[in-house]
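This report goes through one protein model in plain terms. Please look at the sequence and the structure before reading on.

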Amino acid sequence: MAVPFRKTSKAAKNKRRSHLSLVSSSIIPCQNCGSMIKPHRVCRECGYYKNKEAKKVD
């Protein structure tokens, strides 16, 4: 079985794993009602998208 000749350093290990970090999702307030929504989505509370009514909400 193959065995590494030298131990992988902490710096090399961390550079390899640099893209694995978690990123929080962006959340913005709705321009119509102020509830928090993901960007480029219709608001579930009021049904507006870009200051226009996209769907009827009861």
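This is a predicted model: local features need pLDDT of at least 70, side-chain atom pairs count only at pLDDT 80 or more; totals for chains, interfaces and linings use all residues.

## Cysteines without disulfides

The number of disulfides in the structure is zero. Cys30, for one, takes part in none, and the cysteine sulfur nearest to its own belongs to Cys46, at 3.7 Å.

Cys43 is buried, with a relative accessible area of 0%. Cys30 has a relative accessibility of 9%. Buried means under 20%, so Cys30 is counted as buried too.

## The largest pocket

The volume of the largest pocket is about 210 Å³. Its lining is made up of 14 residues, and those closest to the centre are Ile28, Gln31, Ile37, Tyr49 and Lys50. Two elements each contribute two or more residues to this lining: β1, with residues 28-29, and β3, with residues 48-49.

Sorted by class, the lining of the largest pocket holds seven nonpolar residues, four polar residues and three charged residues.

## Positive phi angles

Most residues other than glycine have a negative phi. Which value does phi of His40 take? Phi of His40 is near 65°, a positive value, although the residue is not a glycine. His40 sits in the loop that runs between β2 (36-37) and β3. Its relative accessibility is 65%, and exposed means over 50%, so His40 counts as exposed.

Lys50, already named among the residues closest to the pocket centre, is another non-glycine residue with a positive phi, here near 50°. The loop between β3 and β4 (52-53) is where Lys50 is found. Is Lys50 buried or exposed? With a relative accessible area of 61%, Lys50 is exposed.

How many residues apart along the chain are Lys56 and Lys15? They are 41 residues apart, and their C-alpha atoms are separated by 49 Å.

Notes:
Residues are numbered from 1 along each chain as its sequence is written. Side-chain values use heavy atoms; hydrogens and water are left out. On a 1 Å grid over the protein atoms alone, a cavity is a set of points where a 1.4 Å probe fits but cannot get out, and a pocket is an open set with protein on both sides within 12 Å along at least five of seven lines; lining residues have an atom within 4 Å of a point. Grid points are joined across faces, edges and corners, and a volume is the space filled by probe spheres set on the points. Helices (H or I, at least four residues) and strands (E, at least two) are DSSP runs, numbered from the N terminus. Ala, Val, Leu, Ile, Met, Phe, Trp, Tyr, Cys and Pro count as nonpolar, Asp, Glu, Lys and Arg as charged, and the others, Gly among them, as polar. Buried means under 20% relative accessible area, exposed over 50%, partly exposed in between (1.4 Å probe, protein chains only). A disulfide is a pair of cysteine sulfur atoms within 2.5 Å.
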